[in-house]
Amino acid sequence: MADYLDKQDIKDIDEHIEWAKINEDVVRSIQNPRWSYWVAVGVCVLLLAIAVSAEVYQYNNGMGYANLDWPHMWDLYIATFVFWIGMSHSGTLLSAILHIVQADWRKPIYRFAEAMTTFTLMTAALFPVIHVGRLWNIYWTLPYLSDRGIWPNFRSPLIWDAFAVFTYLTSSALFLYIGSVPDLAICRDNTTGFRKKLYTVLSLGWLGTDTQWRHFRKAYMIMACFLIPLAVSVHSIVSMDFSASWNPGWHVTTFPPYFVAGALYSGCAGIMTLFILLRHFFRWEKYMTLAIFEKNAKLTFAIAMVWTYLNLIEFASAWYGHDVASKEVLWAKFTGPYSPVFWSMMFIGSVLPFTLCFQKLRRNLPLMFFISIIFNIGMWEERYMIIAPTLSLGYEPTAWQVEWPSIIAWSIVLGSIGWFGLLFLIFVKVIPSMSMYEVKEMVYHRKTGEDAPPMTLPAYALTGGGHGGLHPAASKSDPEGGG
Amino acid sequence: MSKHRILGLFKDFEGATEAIAEIRDGRVPGAKVKDVSVLSAIAPHPAMEEVLGHRTTPVGRFTLVGGTFGITFGFFFLATAQSNFLVQPQGGKAVVPLPTDFIPTYEMLILFSVLFTLAGLIICAKLMRPVKGLYSEKVSLDQVGVLVDNLSESSFQAVKSHLQRHNALEIREEVVGK
């Protein structure tokens with residue numbers, strides 16, 4: 001262990017790890033849950049049970065029990081919806097963007113980030129349904145022709161949201177699954193009993209032939225290329241739920257990039273949290289190294305600064321604009337009843353990330369675990385601060401009213417954490433939460449002397465898709481493409 | 001006449017590459033490089049891809065078809081629904097508003113591109129078929145397999161000795177038909 005810790009100071013991964021050892025460590029992680037796993041499952045089920053009870057109560061007694069009333073028609077549920085959608089951007093960032101730019105340090109950690117994308121979207125999708133209240137009529141939102149006189153408004157960002165979230169959920173789930181197929185084949189070859197049968201089905205008959213790899217790399221690269229604009233469009237469209245309206249504080253041009261930056265921020269913080277948990281519980285110190293954690297932490301810091309800048313732009317737009325109501329909403333955030341939430345958001349979002357500038361602090365994983373959770377609390381506050389002050393202080397002064405969420409609403413929000421946690425816990429015991437074949441590639445590249453991918457792509461990468469990065473041998477054998 | 005298949009397992013890519021290079025150069029009677037497949041735990045070594053020769057993938061064409069279908073379907077799906085709104089007063093607004101319809105159409109473009117890409121992968125890579133015939137679980141561990149197909153009785157022996165000469169760790173064989 002100490003040996004690995006020494007090596008971590010300079011290396012993303014130890015190139016002397018045997019491939020068989022990688023298989024063994026990862027396959028072991030999907031088998032024989034320890035007691036701590038069942039404790040985590042128990043906590044998640046408990047949170048979920050509380051949420052279901054609260055939802056049943058709200059369903060029977062009305063939305064007023066969630067303190068949802070005019071003018072606070074949107075509140076905690078929609079803020080939490082936006083928060084979970086934002087968390088989903090982690091997988092796209094780590095998996096798709098870093099894959100395309102061939103940052104191979106992502107390899108040990110992208111799989112669980114992709115899973116996080118899928119499960120956060122599944123969690124987010126619950127909130128509009130809960131928010132609507134009339135669960136039995138939820139199918140009315142579907143735009144199919146009938147004699148009920150329902151006219152879906154395709155000009156509304158709310159409908160765009162439905163299209164975007166559905167597309168993102170479908171695409172990210174397929175991206176996660178297809179990327180896992182070679183690993184599922186490894187599980188098939190290394191398990192027995194019902195697990196072998198399960199993985200035989202899930203691995204789709206993967207053999208690892210050069211033909212399969214060639215098509216796989218191409219398909220994976222294409223899907224990655226589509227996921228990036230999709231992720232940006234999803235959160236831009238979510239931001240239009242607000243910015244396309246005339247409400248003070250919402251009608252801001254910079255909302256789409258501001259939302260995307262906030263999404264990447266909370267996603268990166270979520271990755272930090274799960275990184276530390278998986279590293280600890282699966283004892284993956286030699287794969288999820290401190291060097292990789294530091295890179296993710298630096299990325300988080302950079303995104304935090306972008307988020308801070310966009311916040312300042314938003315404030316400046318309201319301050320120097322001619323809309324008195326927008327300025328009053330902004331001033332109310334600074335000094336009004338929501339100011340404690342606002343200032344804690346600003347502290348967490350813009351000041352706390354400076355802890356990531358210090359190597360000593362970055363390498364203190366218990367501290368980083370705590371800070372990563374605080375980051376996400378800050379990001380949740382950001383979403384709440386977008387919604388609540390505007391609804392409290394709209395254009396109509398007679399409607400001014402400060403409203404705080406009820407215990408029913410809080411219970412459902414906490415239950416969503418249990419729902420996400422439960423999905424993730426099931427995931428880590430069914431699908432390898434670290435990519436075995438990509439870690440093998442990473443080890444192989446390091447062993448054969450590749451420190452960083454060349455800047456110029458060799459011909460095979462351009463024609464073949466390039467999944468898995470570049471091989472040093474190509475650099476040596478291809479003088480034009482070697483870089 | 002029966003045909004044979006043979007699978008040689010190698011310790012690493014280098015040994016397998018050398019063995020295939022000799023087949024490509026015609027130094028093994030009866031064996032052709034087009035009948036050679038490589039089985040490995042990671043994407044094949046580029047030097048090996050070079051030895052195997054240029055092999056294309058049509059997955060991108062599936063994506064193109066999917067994208068075209070997605071745009072068409074997305075737009076007409078919306079336009080069809082919106083055309084039913086003609087019974088409502090339009091107030092001077094377009095029945096089919098192009099700027100706002102662009103967004104769901106864009107999402108459909110991506111959705112169907114991804115779905116067709118997936119279909120392309122499954123079809124081209126011959127997935128969703130049972131694992132049978134020559135396969136070794138050691139391939140998913142750390143060994144590299146060289147599978148030579150379509151061999152006659154005489155060439156089969158030549159290939160077998162060729163693989164042995166290149167230090168294949170294990171050789172498996174099967175007769176595939178008459």
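How many residues of chain B are in contact with chain A? I looked this up in the predicted model and found 53 residues of chain B in contact with 53 residues of chain A.

I then listed the elements that supply at least two residues each to the side of chain B that touches chain A: β2 (36–39), α2 (46–52), α3 (59–83) and α4 (98–124). The largest share, 15 residues, comes from α4(B). By residue class, I noted 31 nonpolar, 14 polar and 8 charged residues on this side of chain B.

**Domains of chain B.** The domain assignment that I consulted gives domain 1 as 3–56 + 134–177 and domain 2 as 59–85 + 96–124. I recorded 42 Å between the centres of domain 1 and domain 2 of chain B, taken over C-alpha atoms.

**Strand β1(B).** I checked burial along strand β1 (residues 3–10) of chain B; 7 of its 8 residues are buried, so the strand is largely enclosed by the rest of the structure. I found β1(B) joined by 6 bridges to strand β3 (residues 144–151) of chain B, the two running antiparallel. For B:His4, I noted B:Leu151 in β3(B) as the bridge partner.

**Nonpolar core.** Which residues have the most contacts inside the largest nonpolar core? I found A:Met223 and B:Val146, in a core of 182 residues. Helix α10 (residues 210–243) of chain A gives the most to this core, namely 17 residues. Domain 1 and domain 2 of chain B each contribute at least three residues to this core.

**B:Val146.** Leaving out residues up to four places away in sequence, I listed what B:Val146 touches: B:Gly8, B:Phe10, B:Ala16, B:Ala19, B:Ile20, B:Val36, B:Val38 and B:Leu163.

Conventions: Residues are numbered from 1 along each chain as its sequence is written. Chains are lettered from A and ligands numbered from 1 in the order in which they are written. This is a predicted model: local features need pLDDT of at least 70, side-chain atom pairs count only at pLDDT 80 or more; totals for chains, interfaces and linings use all residues. Two residues are in contact if their C-beta atoms, placed from the backbone, lie within 7 Å. Helices (H or I, at least four residues) and strands (E, at least two) are DSSP runs, numbered from the N terminus. Ala, Val, Leu, Ile, Met, Phe, Trp, Tyr, Cys and Pro count as nonpolar, Asp, Glu, Lys and Arg as charged, and the others, Gly among them, as polar. Domain bounds come from an automatic or database domain assignment. A residue is buried if 20 or more other C-beta atoms lie within 10 Å of its own, exposed if 12 or fewer, and partly exposed in between; C-beta atoms are placed from the backbone. Two strands pair if DSSP finds at least two bridges between them. A nonpolar core is a set of buried Ala, Val, Leu, Ile, Met, Phe, Trp, Tyr and Cys residues joined through C-beta atoms within 7 Å.
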